[in-house]
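Biologist: Hi! Could you walk me through this one before I start clicking around?

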Amino acid sequence: MSENTPVLEMRGITKRFPTGTLANDAIDLDLKEREIHALLGENGAGKTTLMNILYGLVTPDEGEIRIDGAPVTIHDPADAIRRGIGMVHQHFMLVPVLTVAENVVLGQEITAVGGILDMTAAERRIRDLADRLAFSVDPRARVDQLSLGQQQRVEILKAIYRGARILVLDEPTAVLTPQETHEIFDVLRRLREEGTSIIFISHKLDEVLDIADRITVIRRGKVVGSRRPAATNESELAELMVGRAVSLRVDRGQSHPGQVILEVAGLRALDDRRHEVVRGVDLTVRAGEIVGIAGVGGNGQDELVEGIVGLRKPIAGAIRLAGRDMTRLSVDARRDLGIAYVPADRQRFGLVLPYRLPDNFVLTRYAEAPYASGLGGFVRQDRPIRSEAGRLAKEFDVRTSSLDVPAATLSGGNQQKVVVAREFRHDLKALIIDQPTRGLDVGSIEFIHRQIIQRRDAGVAVLLVSAELDEVLDLSDRILVMYRGRVVGSFTAAEAQREKVGLLMATGEARP
Amino acid sequence: MRRVRATLAPTWAVASIPVYSIVLAFAVAAIVVIVSSAFTETGFDPLLPLKAYGSLFAGAFGSGNGIANTLVAAAPLMFGGLAVGLGLKAGLFNIGVAGQFLVGAFAAAVTGSSLANAPTIVGAPLAILAGAAAGAAYGFIPGYLKARTGAHEVVTTIMLNNAAVLLLTWAVNDLVRAPGFSFPRTGDIGQSALPILAGRNLHLGIAFAVSSIFVIRWVLDRTTLGFEIRTVGANPNAARYAGMRPVFITALTMTLSGLLAGLAGAIQMLGVIGFYAPGITASVGFDSIAVALLGRSDPIGILFAAVLFGAFRAGAPLMQIETSVPIEVIDIIQALVILFLAADLVVRRVFRVRAPKVEITEMATVTGSWGGTPPASAAR
């Protein structure tokens, strides 16, 4: 094997799905030893399919995989692991009630005579491995008590423990805070020094530029370019990814806040497990202003928002809209007053996936005229429903072959556009948006951000919650940081520096 | 031609699995018939299934009388199938149709017999209303319990089925027993019986049942209430988000489901049975579940499924007389149909039907009710 033989080569990989979609179209990819190679592309570009082929989860129609120069066929994940390929999925595959050590050795347990588990030996080996990589992970901690960042390290540990020389990480930073992202990057660099080769899948441009030695961009199943970070920049990569020039930063323009529209005072609420996760929140949003709530997921943001829109009964506090107390009103009564809500989880709350698009476009207005009339608003009216659906689909550029397809068949971005189109009405007073662009690609994000700014400029009070700190920073006129159920900091757009806000998100304190 | 195919395609996508399940059920039952024929005096006869199925068809559709019998047997199954199907649309599995049917039949019998001498135009409608109200009230109980306390409707309706049998036995014995009979029973419904439209037994209840199919279809497809019921069934979270009240819809749907089951009992009482006595068969209750599943909870599908099951009942006697194949073969076929519906993967494999990308699977509600894991296609 010569010095320059890549550890992994994928040649002419083609995969066509039964629906006719060409997920991978003659893709070439190679990975050198001690290299971090980023795979960049929009959602649905074919990154995950390519990696699933590598991991033996999907069989390619054409193409060849070589490891250390020798052609191989990978039948299943066990095969892949045997050949030194490790994969860290976007959604962690850990058993929450087991300890770190138990999770790592799962399937490859160390046993003493008689098949008795030797956890002490396992813990020792894991501690050695963690020390070598400078991980701070306690092998005896239960996984459900770890932060997402720590859980990810357990996943990596698991792959390395199984002897991975080629590590694939699928969107590893999607759920992490900026601090955790920094830490995981340090880990990856250390792994590279130790001799591991890494494929890093992402659609975040800044991260890719930061960590990768080489960047390969995929669009619609094809490799459209390969760059070295030093020789490129964010806008070039975005253009490669999307296929047209994209403005990465929304031009927020000047805001002209008016009177207070939305007022939350002393709000306290329980989560589904009856723990108090909103512990006294006060906030106000003015007309024509975007207030962003930054915070690591799970610090009470979702419950706060559900309290505001009426899906969750608060245990204390008050919510007012334009001075009117609506703490006790139902979801639809609040909606009638001019509140709209884009939920964080579009598939669980925002859409009925088996329904065709017209029913989804009027889901929150199904009982209003003209969508229902006759017999006291009892009979649904097809024609107005369809024409509204057609209008919204056009205005919000929802890409679909027909309105008569189930919402489940749309891509994530188009599903989100359906929800956004429905909620961004013209007669709004307040707009509550939770994770407006989660999982969306650059093009869709740009579109939705512009729509949000447009509503603000039309005088709507906007409350924005996002786990993406950059999104909050880019869009908000004021930024609140939520930590453990409380608002622990408030910044104007001008004051809010990324590091300062990030630190507050992670620790709840302005100083470490 | 292409136009026709395009309009039929969505219907076929829904109907293909039930149709194939029926075909497979007949095929497997044929094997049973052939094998068992070898042990009877008729002797081994590989053509026996064809003869038997021929007689079955002739008995069900071969004469005016046969058709009337088929429709008479189908009418309560239409109401019962609608009762189960409506529940499934809202994600509820009403196994209590048997009990609600009995309660409806009893109320219709008591009302009808007390108006036995009043004109039919008075007695029959009031008896039907009484049956509907009783069924609705009996369906409201599990609905309310589910909405208020989360008590699972499968558990409560199974128990309420037993409660209905015992309660009505007591009521007939001690409250409304008609004098002059050697066994406990109510009085005759007399003039309250439903008018006969044609032949010996083709009663008005059949027209009523068929029109109910279209009423429920209209409610489900075209009204806000139907939209609420379907949304609660498909995604209760989204229903709450849209401002609906799933708790209220749950209670209401169970009440409506009970009402339909009560109607099944009422028309069976007023069109066929004539008086209530403990031990009248409530097999309609369980056949209704099969009808709803075979009809995929769709009212038109339920119409066809009910007619098919009615034809089984109406044609089986002739099959037994002409070919000595026992009536019980019908139970085997019915059971196999449900088996293949539940194990639709088998059917898809045999007939090479591709799984649809999205569907609201009634089977998911049913298997979920038993603590089973819904198939992956439904879990999303």
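This is a predicted model: local features need pLDDT of at least 70, side-chain atom pairs count only at pLDDT 80 or more; totals for chains, interfaces and linings use all residues.

Biologist: Is B:S324 buried or partly exposed?

Modeller: Partly exposed, because 14 other C-beta atoms lie within 10 Å of B:S324, and burial would take 20 or more.

Biologist: What about peptide bonds: which residues does a cis bond join?

Modeller: A:A369 and A:P370, with omega about 0°. The proline, A:P370, is found in the chain A loop between α12 (357-361) and β17.

Biologist: Let's zoom out. How is chain A divided into domains?

Modeller: The domain assignment gives domain 1 as 8-242, domain 2 as 247-338 + 428-512, and domain 3 as 350-426. The centres of domain 1 and domain 3 of chain A, taken over C-alpha atoms, are 39 Å apart.

Biologist: I also had A:H256 on my list. Where is it in the chain A fold?

Modeller: A:H256 is in the loop between α8 (234-242) and β11 (260-270) of chain A. It has 13 other C-beta atoms within 10 Å, which means A:H256 is partly exposed. A:R456 is 200 residues away from A:H256 along the chain, yet their C-alpha atoms are separated by 8.9 Å.

Biologist: Now the two chains together. How many residues does each chain give to the contact?

Modeller: Chain A contributes 26 residues and chain B contributes 18. On the chain A side, α10 (331-337), α11 (346-350) and β18 (379-380) each supply at least two of the residues that touch chain B. By class, that side of chain A has 17 nonpolar, five polar and four charged residues.

Biologist: And is helix α8 (224-234) of chain B mostly covered or mostly open?

Modeller: Mostly covered: eight of the 11 residues in α8(B) are buried. Among them are B:F227, B:I229, B:R230 and B:V232.

Biologist: Which elements cover those buried residues of α8(B)?

Modeller: Both chains take part. The cover includes β17 (372-373) and β18 of chain A, along with α3 (64-89), α7 (205-222), α9 (236-241) and α10 (246-273) of chain B.

Biologist: Nice. How do α3(B) and α7(B) pack?

Modeller: Their axes are 8 Å apart and the packing angle is about 20°, so α3(B) and α7(B) are roughly parallel to each other. α3(B) passes α7(B) in a left-handed crossing. The contacting residues include B:L71, B:F79 and B:L86 of α3(B) and B:I206, B:V210 and B:L220 of α7(B). Sorted by class, the contact of α3(B) with α7(B) has 13 nonpolar, two polar and one charged residues.

Biologist: And how do the axes of α3(B) and α12(B) cross?

Modeller: At roughly 135°, with the axes coming within 7 Å. The two helices, α3(B) and α12(B), are therefore oblique to each other. The crossing of α3(B) past α12(B) is right-handed. Residues making this contact include B:G66, B:A74 and B:G85 from α3(B), with B:P299, B:F309 and B:G315 from α12(B).

Biologist: One last pair: how close do the axes of α5 (120-149) of chain B and α10(B) come?

Modeller: Within 6 Å, crossing at roughly 145°. α5(B) passes α10(B) in a right-handed crossing. The residues of that contact split into 20 nonpolar, 11 polar and one charged.

Biologist: Great, thanks!

Key: Residues are numbered from 1 along each chain as its sequence is written. Chains are lettered from A and ligands numbered from 1 in the order in which they are written. Domain bounds come from an automatic or database domain assignment. Two residues are in contact if their C-beta atoms, placed from the backbone, lie within 7 Å. Helices (H or I, at least four residues) and strands (E, at least two) are DSSP runs, numbered from the N terminus. Ala, Val, Leu, Ile, Met, Phe, Trp, Tyr, Cys and Pro count as nonpolar, Asp, Glu, Lys and Arg as charged, and the others, Gly among them, as polar. A residue is buried if 20 or more other C-beta atoms lie within 10 Å of its own, exposed if 12 or fewer, and partly exposed in between; C-beta atoms are placed from the backbone. Axes are lines fitted to C-alpha atoms, for helices over the stretch in contact, and angles run from 0 to 180 degrees between N-to-C directions. Angles under 35 degrees count as roughly parallel, over 145 as roughly antiparallel, 65 to 115 as roughly perpendicular and the rest as oblique. A crossing is left-handed if the near helix is turned anticlockwise from the far one by less than a right angle, and right-handed if clockwise.
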